[in-house]
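I am opening a notebook on a structure I have not looked at before. I want to record what I looked up, one topic at a time.

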Amino acid sequence: MTLLKTGSPSAPSASTRRRGGPRLQAWRARLLITPMSLYVVLFFVAPLILLLVYSLGRIDVLTFEVSFGWTLDNYRALVDGVYVGAIVRSLALTVTATLVCVAIGFPVALAISRLRGPLRTLCLVGVVVPYWISFVVRTYAWLDLLAPNGLVNEFLTALHLIPDGTELRYTTFAIAVGMVYGYLPLMILPIYVALERIDPAMIEAGYDLGLGRAKVFWKIIVPLAMPGTIAGALLVGIPATGEYTIPAILGGEKTLMAGNVAADQFLGTGNFPFGAAIGSALMAIMLVVMFLSRRRLDQLEDIA
């Protein structure tokens with residue numbers, strides 16, 4: 001008589017339990033990224049497409065109605081001396097403000113990175129605290145500081161750099177000062193993060209090889225902190241190129257910049273297509289800068 005083995009049914013294998021797992025995970029991933037994807041499409045991609053479409057349109061100077069004839073006349077008008085001057089002035093001030101932010105921000109970030117304990121935290125909080133106050137309020141405060149009897153004017157007069165009573169407000173200098181002040185924290189923080197990631201052993205190795213402090217700084221610290229410097233330059237340069245608030249407050253109507261010209265086309269003259277062309281041109285310039293910066297960062301990562 002043959003005995004048959006009986007027992008509880010075998011448990012499903014691991015592969016059986018995971019059957020359909022990748023599909024489920026893929027659907028979960030899609031559900032997770034859907035809200036952010038919709039946000040990006042609605043508030044970033046769609047406005048950019050709308051900007052490009054308007055830049056190719058034409059406006060009737062009598063009725064102010066926009067017709068979309070897919071013309072490049074708005075971009076051709078950008079070569080006019082007034083508008084080219086505003087764009088060049090914006091780029092020049094952006095480069096100047098970015099370089100000054102690097103010159104000030106790198107030593108500050110380096111000093112903070114070498115602190116320890118509560119003092120470091122206090123300094124980091126000090127860098128961020130200005131952002132607790134309205135950007136517009138902080139910009140208006142510079143009107144008093146740059147006044148003929150203001151602190152900046154008196155300091156420069158004491159150094160015999162300017163005559164007594166010089167009007168610094170509503171000048172290109174005032175705009176540059178406002179841009180440096182407004183965007184300096186955006187330069188300090190990325191550089192600080194990059195400096196924090198440097199292995200102290202690499203600096204010690206430089207000293208062991210006979211390098212002095214200056215050579216260790218230029219040959220080890222600066223190259224290793226370059227990713228943070230590039231990131232800070234992008235965080236400062238991109239918004240500064242189309243800056244509107246600082247030139248409007250500290251520059252008055254004496255200094256035209258691209259952001260103010262574009263805003264005037266939208267809010268003043270009602271020439272939406274030309275204002276969109278100015279914005280699209282600035283966006284194209286920034287995309288080129290971002291592409292070159294990304295390539296440079298990739299090269300630095302390959303070297304590291």
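Predicted model: local features only at pLDDT ≥ 70, side-chain atom pairs only at ≥ 80, totals over all residues.

The entries below cover salt bridges, a pocket, a cavity and some helical spans.

**Entry 1: what kind of model this is.**

**Entry 2: salt bridges.** I searched the whole structure for salt bridges and found four. I began with Arg-58 and Asp-73, which form a salt bridge with their closest N and O atoms 3.9 Å apart. Arg-58 belongs to strand S1 (residues 58-59) and Asp-73 to helix H3 (residues 73-77), so this pair ties together parts that are 15 residues apart in sequence. I checked how open the two partners are, and Arg-58 is partly exposed at a relative accessible area of 39%, while Asp-73 also counts as partly exposed at 39%. I also noted that Arg-58, Asp-73 and Arg-76 are linked in a network of salt bridges.

I then turned to Glu-196 and Arg-120, whose side chains meet in a salt bridge at 3.2 Å, N to O. This pair links distant parts of the chain, with Glu-196 in helix H8 and Arg-120 in helix H5 (residues 118-128), 76 residues apart. Is Arg-120 buried or exposed? I found that Arg-120 counts as buried, at 15% relative accessibility, whereas Glu-196 counts as partly exposed at 34%.

I also looked up Arg-169 and Glu-167, and their side chains meet in a salt bridge at 2.9 Å, N to O. Arg-169 is partly exposed with a relative accessible area of 22%, and Glu-167 counts as partly exposed at 33%.

**Entry 3: the second largest pocket.** I recorded a volume of about 340 Å³ for the second largest pocket. This pocket is lined by 15 residues, and those closest to its centre are Arg-114, Arg-116, Ile-198, Pro-200 and Ile-203. Two or more lining residues come from each of helix H4 (81-113), helix H8 (172-196), helix H9 (200-208) and helix H10 (213-224). Which element gives the most to this lining? I found that H9 does, with four residues. Sorted by class, the lining of the second largest pocket holds seven nonpolar, one polar and seven charged residues.

**Entry 4: the cavity.** I searched the whole structure for cavities of 30 Å³ or more and found one. The largest cavity has a volume of about 40 Å³, and its lining residues include Phe-135, Arg-138, Trp-142, Tyr-181 and Leu-250. Helix H6 (135-145), H8 and helix H12 (245-250) each give two or more residues to this lining, and the largest share, four residues, comes from H6. I counted the lining of the largest cavity by class as five nonpolar, three polar and one charged.

Entry 5: I looked up the unreviewed UniProt entry, which lists residues 216-238 and 272-292 among its transmembrane regions. In the model, residues 216-238 are 96% helix and 0% strand, with the end C-alpha atoms 31 Å apart. Residues 272-292 are 100% helix and 0% strand, and their end C-alpha atoms lie 30 Å apart.

Finally I checked helix H11 (residues 226-241), which has 16 residues and reaches 22 Å from its first C-alpha to its last, close to the 22 Å expected at 1.5 Å a residue. Among the buried residues of H11 I noted Gly-228, Ile-230, Leu-234, Val-236 and Ala-240.

How values were computed:
Residues numbered from 1 in each chain as written. Heavy atoms only, no water. 1 Å grid on protein atoms, 1.4 Å probe; cavity = no way out; pocket = protein on both sides within 12 Å on 5 of 7 lines; lining within 4 Å. Points joined across faces, edges and corners; volume = space filled by probe spheres on them. Nonpolar A, V, L, I, M, F, W, Y, C, P; charged D, E, K, R; others polar. Buried < 20%, exposed > 50% of the residue type's maximum accessible area, 1.4 Å probe, protein only. Expected span 1.5 Å × (residues − 1). UniProt positions renumbered as here; feature names shortened; annotations may be inferred.
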